[in-house]
Amino acid sequence: MSAPYEFEMDLRWSDQDLQGHVNNAKVVTLAEEARVRFQSFLDSATTGPPEANRVVARQEIDYHAQTRYAPSLTMQVGVRRIGTKSFTLRHRGIQDGAPVFTVDAIMVNVEGTGRSRALTEEERAQLEEWSWAD
């Protein structure tokens, strides 16, 4: 798939700061919610229970413009990189047709012991379907 997973996300009153902008720390929460929706979408396309418990190993945020408190925000999520035991998700918030923030999160699959494990071929194939090249 050449395009990222995209949906409208409603902003909450508590997301804003005193100037009516979305608080910079709330961007982490918005990315988390987008990631959960994306993962739920992926899980609904698979047969049987999800194979992975995934954790965020690293997260990097670029703020491109002030995110305003408004009824909604367009969110995009896609896969930037696939490694042996990890993959990178890109989350982008868009208002008025322009990016306002980008969050890259390195995700790692973990076993019940908490140790990382390699991605399966099925997981790799599914992630490749959502490869996102800017």
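Residues are numbered from 1 along each chain as its sequence is written, and side-chain values use heavy atoms, with hydrogens and water left out. Because the model is predicted, local features need pLDDT of at least 70 and side-chain atom pairs count only at pLDDT 80 or more, while totals for chains, interfaces and linings use all residues.

**View 1. Arg12 and Asp15 form a salt bridge.** A salt bridge is a side-chain nitrogen of Lys or Arg within 4 Å of a carboxyl oxygen of Asp or Glu, and the structure holds 8 of them. Between Arg12 and Asp15, the closest N and O atoms are 3.6 Å apart. Asp15 is buried, with a relative accessible area of 1%, whereas Arg12 is partly exposed at 30%. Here, buried means under 20% relative accessible area, exposed means over 50%, and partly exposed lies in between (1.4 Å probe, protein chains only).

View 2. Helices (H or I, at least four residues) and strands (E, at least two) are DSSP runs, numbered from the N terminus.

**View 3. A network of salt bridges links Arg12, Asp15, Glu33 and Arg37.**

**View 4. The side chains of Arg58 and Glu60 meet in a salt bridge.** The N to O distance in this pair is 3.2 Å. Arg58 has a relative accessibility of 48% and counts as partly exposed. Glu60 is partly exposed as well, with a relative accessible area of 38%.

**View 5. Asn109 makes polar contacts with Arg54 and Glu123.** A polar contact is a pair of N or O atoms within 3.5 Å; within protein, one must be able to donate a hydrogen and the other to accept it, and residues adjacent in sequence count only if both atoms are side-chain atoms. Asn109 belongs to strand β5 (residues 98-110) and is buried, at 0% relative accessibility. The side-chain contact of Asn109 with Arg54 is 2.9 Å, and that with Glu123 is 3.3 Å.
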